[in-house]
Amino acid sequence: MSEVSKTDSGFVVEAATVARAFKITEEQVREEMRNGLISSRSESGAGEDEGRWRMTFYRADRAFRLVVDEEGEVLSRGSFPVTPRARSVRRD
């Protein structure tokens, strides 16, 4: 599987890709996503960005962003500081 795969419902980003960006293990990525410590946001491009998607992952005071094309090919990636976001509380 490549770093990003396109599915019928959107895109799937490999845990290893997110782990490398935040310098943590894949298991930590999975656990922190389950617990709301890592969150994500996906946006589709419009206008000159039509056919591109931006996926941003947030963890504490860092963000990791991927921009992909319609097939999930990574066009760009970056990591940058952010103001820590309020943690979502999961209620199961």
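## Pairing of E4 and E5

In this predicted model, Thr 56 has Arg 65 of strand E5 as its bridge partner. Strands E4 (residues 53–59) and E5 (residues 62–68) pair in the antiparallel sense over seven bridges. Strands here are DSSP runs of E with at least two residues, helices are runs of H or I with at least four, and both are numbered from the N terminus; two strands count as paired if DSSP finds at least two bridges between them. Arg 59 has Arg 62 of E5 as its bridge partner. Two residues stand between the strands in the hairpin of E4 and E5, where Ala 60 takes a positive phi near 55°.

Residues are numbered from 1 along each chain as its sequence is written. Local features need pLDDT of at least 70 and side-chain atom pairs count only at pLDDT 80 or more, while totals for chains, interfaces and linings use all residues; side-chain values use heavy atoms, with hydrogens and water left out.

## The sheet and its helices

The open sheet has four strands in the order E3-E4-E5-E6, with antiparallel pairing. Strands E3 (38–44) and E6 (74–81) are at the edges with a single partner strand each, so one side of each has no neighbour in the sheet. From one strand to the next the twist averages 15°. E3 and E4 are joined by seven bridges in the antiparallel sense, and Ser 44 stands opposite Trp 53 in E4.

Helix H1 (residues 15–22) packs on the sheet and touches E3, E4, E5 and E6, a contact being heavy atoms within 4.5 Å. The direction of H1 makes about 135° with that of E5; axes are lines fitted to C-alpha atoms, for helices over the stretch in contact, and angles run from 0 to 180 degrees between N-to-C directions. Helix H2 (residues 26–34) also packs on the sheet, touching E3 and E4, with its direction at about 85° to that of E3.

## The largest pocket

The largest pocket has a volume of about 160 Å³. A pocket is an open set of points on a 1 Å grid over the protein atoms alone, where a 1.4 Å probe fits, with protein on both sides within 12 Å along at least five of seven lines; lining residues have an atom within 4 Å of a point. Grid points are joined across faces, edges and corners, and the volume is the space filled by probe spheres set on the points.

Of the 15 lining residues, Phe 11, Val 13, Ser 40, Met 55 and Phe 57 are the closest to the centre of the largest pocket. Strand E2 gives the most to this lining, with four residues.
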